[in-house]
Amino acid sequence: MSKESPKKNTSILFISKEKEPLFSKKNRKLLSDPLDDNNPITVQVLGICSALAITVQLEPAVVMTMSVIFVMACSNVIISLLRNLIPNRIRIIVFLVVISSLVALVDEVLRAYAYDVSKQLSIFIGLIVTNCIVMGRLEAFALGNGVWKSFLDGVGNAFGYGFMLIAVAFFRELLGSGKLFDIQVIPQFIYDEFGYLNNGFMLLSPMALITLGLIIWAQRARNRKLIEKN
Amino acid sequence: MDLINLFVKSIFIENMVFAYFLGMCSYLAISKTLKNGIGMGLAVTFVLTVTVPINFLLYEYILKPGALSWAGTQFAQLDLNFLSLIMFIAVIASMVQLVEMIMEKFSPSLYGSLGIFLPLIAVNCAILGGSLFIKIKDITNITEAGVYGFGSGVGWFLAIVAIAAIREKISYSNVPAPLRGLGITFIITGLMAIGFMSFMGIKL
């Protein structure tokens, strides 16, 4: 018995340990799902606050996206590593401590290297702490899955979030001030010859809500399985 | 007079939902029925009124650059500003827990109606936003902080009650299918925000 069993065991071990490749179909789905079918903003309704407030121009939107990608990837990995150690009762506080230390890090780095943008984002970098997208993914995914999958899920969701953010900012900056990344894209002669005017209304906060509403409309008209019953 | 001015300003002109988009997630998620909307609004108002003054004291006497000078001259140069996020969120999370326990003990009926919303509040960005705005708006004493917290809470309460009532009515109308639910709520909120912009520039 003692002679045969190791051989058997190794073969079982070998089969069960046969790893799925790093970018298997399932893992790729984790990355691509949040971009459309399971978008954090338009479908899961997470992380709306910051999505609206900082979309007047593209530049802060891009910086915000990068910060969220960093925070989500790191916090998902950390919580996934700790998932068997965290007592269930105090998990929210553990989440908050991990997230807020990461966010404090991002805040300090931005203040040191990109002061203007950090001034523009004001309290909204700090508010990543309570951005429900981070907390929501930790609770729903990282607490029950392995490190690599959690990392992919974090990055995927952060990209889905950033995608919406950049889409809203694109329309608002283009229609509101005729610029993209602060560079004039609508040529001057259109203003002069055709009497085109920038729609200053797009720069005001209510239009962020309406723009996002219209984007949701377009997305659901194309992808009809997302339509709510009601 | 200044206090009344601050109060009205924080309710209408700088409304948490319509001007800063804070607390949008719970605003959208819990506004399906009026009853839940009122419960959530009350809970947010209550927690804001409690946490903003506490965080103000924390910021003023511990975190602000040079705030520790009361403890001795050797601490006068210290700047603990980078700790403010962690401190604020710790205060909020523990206050929410405390409020929950006190409420359960002394008013079980209120706890029954608000209970499920309280844990959600720890991650409501309106609460943390209220505390972070202490640094930006020049709030100079604890009375102002209290009035600011209460006013912001009332503003949030008004917003969620209004949208919940509208959503209850709108379920009877024929909205285009892809716009149902989330989409139309966004657009209505946008229109309400345009309405609230008419308060801009009012001074008492």
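**Briefing on a predicted two-chain model**

Among the elements of chain A, the lowest mean pLDDT, 44, belongs to helix α1 (residues 5–17) of chain A, and the highest, 86, to helix α4 (residues 58–82) of chain A. The model is a predicted one, and chain A as a whole averages a pLDDT of 76, with 87% of the residues scoring at least 70. Chain A holds 11 helices and two strands, whereas chain B holds nine helices and zero strands.

**Chain A as a whole**

- Followed along the sequence, the elements of chain A come in the pattern α-α-α-α-α-α-α-α-α-β-β-α-α, and 45% of the 230 residues of the chain count as buried.
- When the contacts in chain A between residues at least 6 apart in sequence are considered, 75% of them join residues at least 24 apart.

**Helix α11 of chain A**

- Helix α11 (residues 205–222) of chain A has 18 residues, which at 1.5 Å a residue should span 26 Å, and this agrees with the 27 Å that separates its end C-alpha atoms.
- The buried residues of α11(A) include Met207(A), Leu209(A), Ile210(A), Leu212(A), Ile215(A) and Ile216(A), and Thr211(A), Gln219(A) and Arg220(A) are also among them.

**Chain B as a whole**

- From the N terminus on, chain B runs α-α-α-α-α-α-α-α-α, and its C-alpha atoms fill a box of roughly 70 × 45 × 35 Å, taken along the principal axes.
- Of the 204 residues in chain B, 52% are buried, and the chain exposes about 9,200 Å², of which carbon and sulfur atoms supply 69%.
- Among the contacts in chain B with a separation of 6 or more, 76% are accounted for by residues 24 or more positions apart.

**Helix α4 of chain B**

- Helix α4 (residues 84–106) of chain B, with 23 residues, reaches 32 Å from its first C-alpha to its last, which is close to the 33 Å expected at 1.5 Å a residue.
- Buried residues in α4(B) include Leu85(B), Phe88(B), Ile89(B), Val91(B), Ile92(B), Met95(B), Val96(B) and Val99(B), and Ser84(B) and Glu100(B) are likewise among them.

**Two residues of chain B**

- Ser26(B), which lies in helix α2 (residues 24–29) of chain B, counts as buried because its relative accessibility is 10%, and buried means under 20%.
- Once its neighbours within four places in sequence are left aside, Ser26(B) is in contact with Ser31(B), Met40(B), Asn124(B), Trp156(B) and Ile160(B).
- Thr140(B) is found in the loop between α7 (125–136) and α8 (142–170) of chain B, and Thr140(B) counts as exposed because its relative accessibility is 56%, where exposed means over 50%.
- Thr140(B) and Lys169(B) stand 29 residues apart in sequence, and their C-alpha atoms are 43 Å apart in space.

Methods: Residues are numbered from 1 along each chain as its sequence is written. Chains are lettered from A and ligands numbered from 1 in the order in which they are written. This is a predicted model: local features need pLDDT of at least 70, side-chain atom pairs count only at pLDDT 80 or more; totals for chains, interfaces and linings use all residues. Side-chain values use heavy atoms; hydrogens and water are left out. Helices (H or I, at least four residues) and strands (E, at least two) are DSSP runs, numbered from the N terminus. Buried means under 20% relative accessible area, exposed over 50%, partly exposed in between (1.4 Å probe, protein chains only). Contact means heavy atoms within 4.5 Å. pLDDT is the predictor's confidence in each residue, from 0 to 100. Accessible areas come from the Shrake-Rupley method with a 1.4 Å probe; for residues, only the protein chains shown count as cover. The expected span of a helix is 1.5 Å times one less than its number of residues.
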